[in-house]
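Please open the model in your viewer and keep the sequence panel beside it. The tour below goes from one selection to the next and says what is to be found at each stop.

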Amino acid sequence: MSQISADRVTYASQESLPRLPVPELQKTLGKYLTTVKPLVSQEQFERTLRIVETFSQQPDAHLLQNLLKEKASRTESWLEEWWDSWAYFAYREPIVCNVNYFFDWDPWRAGQMSQAERAAHVCRAAFAFQDQIARETLRPDVSHGKPMDMHAFRFMFNACRLPQPHCDTVVVASHRLHHIIVACRDQLFSLDLAVNDVPLSTRQISQQLERIVAQAESISRQQA
């Protein structure tokens with residue numbers, strides 16, 4: 001599994017995607033004022049408006065605009081580096097509810113599948129999706145008939161954010177890794193979802209999860 005496919009489509013359109021345009025200076029300043037207005041008093045807004053008008057007439061404003069256009073001419077996205085740093089890696093609030101997407105499940109009810117079975121279905125489906133990304137057979141998302149940027153999918157699996165003093169970094173491991181980390185009763189377990197590149201079935205994953213739960217409960221009782 002996870003060998004690069006000859007039919008590589010996931011990133012096939014990346015080179016042909018249009019670059020992120022640089023808005024004109026007056027448009028940027030106007031959007032800034034529109035954003036600020038609901039957040040300040042009328043007096044503060046009028047002062048901000050004067051500052052923006054003065055700035056727009058300074059040589060430095062046009063110099064900065066030209067430097068931004070120059071940066072855009074040699075990168076696919078002039079915003080990406082700053083956005084990743086300031087909005088994500090330098091952000092110091094909890095990221096699960098403030099930055100990253102997350103999800104939960106409807107409450108389990110008697111008569112449905114067990115917790116291990118439910119988790120096994122999620123693991124099996126996620127693993128199949130990850131394999132599509134690794135093989136590059138996942139078709140690009142499309143909007144209005146045009147392919148969208150798929151670069152972020154490279155970081156969806158096997159990626160780890162490494163804490164640093166001021167701005168964190170990200171490391172992406174080999175797409176050949178097939179294991180997941182299971183947290184149960186304050187214990188961490190590694191579970192391979194494939195053996196000799198053959199994926200485990202949903203039933204096999206469920207059985208392994210049940211063994212993990214039993215082992216975690218046993219360790220918890222011994223430490224009590």
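How many disulfides does the count come to, if a disulfide is a pair of cysteine sulfur atoms within 2.5 Å? The count comes to zero.

Before going on, note that this is a predicted model, in which local features need pLDDT of at least 70 and side-chain atom pairs count only at pLDDT 80 or more, while totals for chains, interfaces and linings use all residues. Residues are numbered from 1 along each chain as its sequence is written, and side-chain values use heavy atoms, with hydrogens and water left out.

**The cysteines**

Select Cys160, which is in no disulfide, the nearest cysteine sulfur being that of Cys167, 15 Å away. Cys160 is partly exposed, with a relative accessible area of 39%; here buried means under 20% relative accessible area, exposed over 50%, and partly exposed in between, with a 1.4 Å probe and protein chains only. Cys184 is likewise in no disulfide, and its nearest cysteine sulfur, that of Cys123, is 13 Å away. Cys184 counts as buried, at 14% relative accessibility.

**Strand 4**

Select Val171 next, in strand 4 (residues 169-172); helices (H or I, at least four residues) and strands (E, at least two) are DSSP runs, numbered from the N terminus. Val171 counts as partly exposed, at 41% relative accessibility. Leaving aside neighbours within four places in sequence, Val171 is in contact (heavy atoms within 4.5 Å) with Asn158, Ala159, Cys160 and Leu162. From C-alpha to C-alpha, Val171 and Asn158 are 8.4 Å apart in space, and they are 13 residues apart in sequence.

Now select residues 179-184, which are strand 5, and residues 187-192, which are strand 6; the two run antiparallel and are joined by six bridges, where two strands pair if DSSP finds at least two bridges between them. Within this pair, Ile180 stands opposite Leu191 of strand 6. The strands form a hairpin with two residues between them, and Arg185 in the turn has a positive phi of about 50 degrees. Asp186 lies in the loop between strand 5 and strand 6, and its phi is also positive, near 65 degrees, in a residue other than glycine. Asp186 is exposed, with a relative accessible area of 83%.

His144 lies in the loop between strand 1 (142-143) and strand 2 (146-147), and it counts as exposed at 81% relative accessibility.

Select helix 7 (202-223). Its 22 residues should span 32 Å at 1.5 Å a residue, and its end C-alpha atoms are 32 Å apart, which agrees; the expected span is 1.5 Å times one less than the number of residues. Colour Ile205, Ser206, Leu209, Ile212 and Ala216, which are buried.

Which residues have the most contacts inside the largest nonpolar core? They are Val182, Phe189, Leu191, Leu193, Ile205, Leu209 and Ile212, in a core of 15 residues. A nonpolar core is a set of buried Ala, Val, Leu, Ile, Met, Phe, Trp, Tyr and Cys residues joined through side-chain atoms within 4.5 Å. Helix 6 (115-135), strand 5, strand 6 and helix 7 each supply at least two residues of this core. Apart from it lies another core, of six residues, among them Leu33, Phe45, Val52 and Ala61.

Finally, select helix 3 (residues 59-73), where Ala61, Gln65, Leu68, Lys71 and Ala72 are buried. They cover an arc of only 120 degrees around the axis, which puts them on the same side of helix 3, whereas Pro59 and Asp60, on the other side, are exposed. The buried residues pack against helix 1 (25-36), helix 2 (42-56) and helix 4 (80-89). In helix 2, end at Thr48, which counts as buried at 15% relative accessibility and touches Tyr32, Leu33 and Val36, not counting residues up to four places away in sequence.

Notes: Arc of directions from axis to C-beta. Disulfide = S-S within 2.5 Å.
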